[in-house]
Amino acid sequence: MPKGGGAPKMPSGGGDALARAATALIGAGAVGYGAMHSFYTVDGGHRAVVFSRITGMKSTVYGEGLNFNIPWFERPTVFDIRTRPCNLQTLTGSKDLQMVTIGVRVLHKPDPSALVWIYQRLGLNYDERVLPSIMNECAKAVVAKYNANELLTKRDAVSADIRKELLARSTIFHILLEDVAITHLAFSPEYARAVESKQVAQQEAERAKYIVIGAQSEKKTIITKARGEAASADLIGNAVKKNPGFMKLRRIEAANDIADIVSKSGNKIYLNADSLLLNLLSDADEKISKSVEDKKGWFQK
């Protein structure tokens, strides 16, 4: 026991060993932390910007692969520079004051050379901060230049104008646009009903026009047919006047047709030859010829 009854003192060598062990442990942890956070990987389609606690944002944009930074003093931020879509649907008015619902889709990406500027002023969600407002404004400005009918018939021109306006506005924010397209275009129910009524009226007018054309064609057909029948009657009359034997030929043809029909019928028919025009040996033709000759003599007197 030490004199004075005090607590026993530990050897000085043991305290130094403990201090050295703690120092070594802290040093190993620091080295491990530094080794772990001294490198970072930038994936494909990405770029990185670095913030320094001493100098602020560095002007360098770091590319894909393994990059070095000072732990705690520097903090890397990775940007996705691949093309992404942004969709917007808005209600606006046309030049003739028709309400139009238009949907616009934009394919965009940040300018890789201006990522430091974008991070300092807009942040990682730059597209959510900028694109909806400028897309809405540009779409409304362009639609107001066209009538409702022109929005349908000149859709390519409308899309090109919207693209032109968006390119001019997005360049200010270092946002690159790869494609601008109109994905949806709809009018108010009242205008849609008016357009439908107009189309129906046009179709009815076209149908009426074709009906008139058909009636005119039918009229021409009837007139032509009547003229043909009249000419045929004149020719038959002239043939009878010039040659009474023409009636005999007609009677023979009619008798031939009647005989053919009767022969094919399963029923028994009892009719006289005069009714069936089969009495070819009668003196009917002679009477007709005599009457024609008498008329000729009467006209000669």
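1. Of the 301 residues of the protein, 24% are classed as buried, where buried denotes under 20% relative accessible area, exposed over 50%, and partly exposed the range in between (1.4 Å probe, protein chains only). The model is a predicted one: local features require pLDDT of at least 70, side-chain atom pairs count only at pLDDT 80 or more, and totals for chains, interfaces and linings use all residues. Residues are numbered from 1 along each chain as its sequence is written, and side-chain values use heavy atoms, with hydrogens and water left out.

2. The accessible surface of the protein is about 20900 Å², and carbon and sulfur atoms contribute 58% of that area. Such areas come from the Shrake-Rupley method with a 1.4 Å probe.

3. Among contacts (heavy atoms within 4.5 Å) with a separation of 6 or more, 65% are between residues 24 or more positions apart.

4. The secondary structure consists of eight helices and eight strands. These are DSSP runs, numbered from the N terminus: helices are H or I with at least four residues, strands E with at least two.

5. Three strands form an open sheet in the order β3-β2-β5, with antiparallel pairing; pairing requires at least two DSSP bridges between two strands. Strands β3 (56-57) and β5 (74-80) lie at the edges with a single partner strand each, so one side of each has no neighbour in the sheet. Strand β2 (residues 46-52) is joined to the antiparallel β5 by seven bridges, and R47 has F79 in β5 as its bridge partner.

6. The disulfide count is zero, a disulfide being a pair of cysteine sulfur atoms within 2.5 Å. C86 is buried at 13% relative accessible area, and C138 is likewise buried, at 3% relative accessibility.
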